[in-house]
Amino acid sequence: MAYGGKDNTIGEWSIDKLAFLEKYLPIFVNATKRALHRYYIDGFAGNGEWIHRETGEYVPGSATIALKYANDFTGLHFVEMDPDRVSNLKRLVKDFSTEHKAKVHQGDTNIILPEIMKGIHPKAPTFVFLDPSGDQLNWKTIESLANWKTELFILYPYHMTIARYLPNDKDELKDWQKGRLNNFFGTDEWYDIYTSNDRLYLLSELLNLYKSRLEKLGYSYCNVSEVFKNTTGQYLYYMIWVGKNAAGKKIMDWVYKQQNPQISLDI
């Protein structure tokens, strides 16, 4: 999980996100137990642990959660850009005595992730956690995963990034913002949605575009969580789970309901 302030603190919304991962991973492992090989990939691994902003307590990060199940995976891959966090991740791998299982990669996940996939059999179940702090995840990277037996858990950073790139006055849209959004959506179809829709419907229409493009890649099953709010009650981002198997969706439905019985699914 990449997000964290300079003091490596996280808010309650990030705690909830990690709870999804904590609940889902052991069920994923059990559901794929007949497979000869299975893999875990964290594209924006961040720190091994965080500090809860309100309580000051230490919180296990996504890498720590995944390493608890290291013996159930053929291999685990953690990708992180920041050198200090890379050092922390390597220390964590050593602390768990999982050097033979887990590998830490330093650099841009958009470059590294396609290379990791070359070493994985296309039929090996692979869970990919993609949790950037903004719009760093390019659509081409998601495309590079589609030919494998992958399940993706993706942060969709609408209020964190996307909405900020879309000014109310459409004439103020900059070329660099267009470029970033083209990379994020993998198409310029978002522009027609932006220019032809009322702001009230922009969020849902852009989210539907993203979901439909995931479906075209072969991810027939999709769940969208909208539980992640800041302290003012504004939605910061959505977590999107996509897979190619109905059993995976059934599991994620259960996880979402456990996390929040009033949760809204399949926006």
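β5 and strand β6 (residues 102-106) run parallel, paired over five bridges; helices here are DSSP runs of H or I with at least four residues, strands are E runs of at least two, and both are numbered from the N terminus. Two strands count as paired once DSSP finds at least two bridges between them. This is a predicted model, so to speak: local features need pLDDT of at least 70, side-chain atom pairs count only at pLDDT 80 or more, and totals for chains, interfaces and linings use all residues. Residues are numbered from 1 along each chain as its sequence is written, and side-chain values use heavy atoms, with hydrogens and water left out.

As for burial (under 20% relative accessible area, 1.4 Å probe, protein chains only), six of the six residues of β5 (residues 75-80) are buried, so the strand is largely enclosed by the rest of the structure. Gly 75, His 77 and Val 79 point one way, while Leu 76, Phe 78 and Glu 80 point the other.

Turning to helix α4 (residues 109-117), its buried residues are Thr 109, Asn 110, Ile 112, Leu 113, Ile 116 and Met 117. Down the helix axis they fall within an arc of 165 degrees (taken from the directions from the axis to the C-beta atoms), so they line one face of α4.

Notes. Buried means under 20% relative accessible area, exposed over 50%, partly exposed in between (1.4 Å probe, protein chains only).
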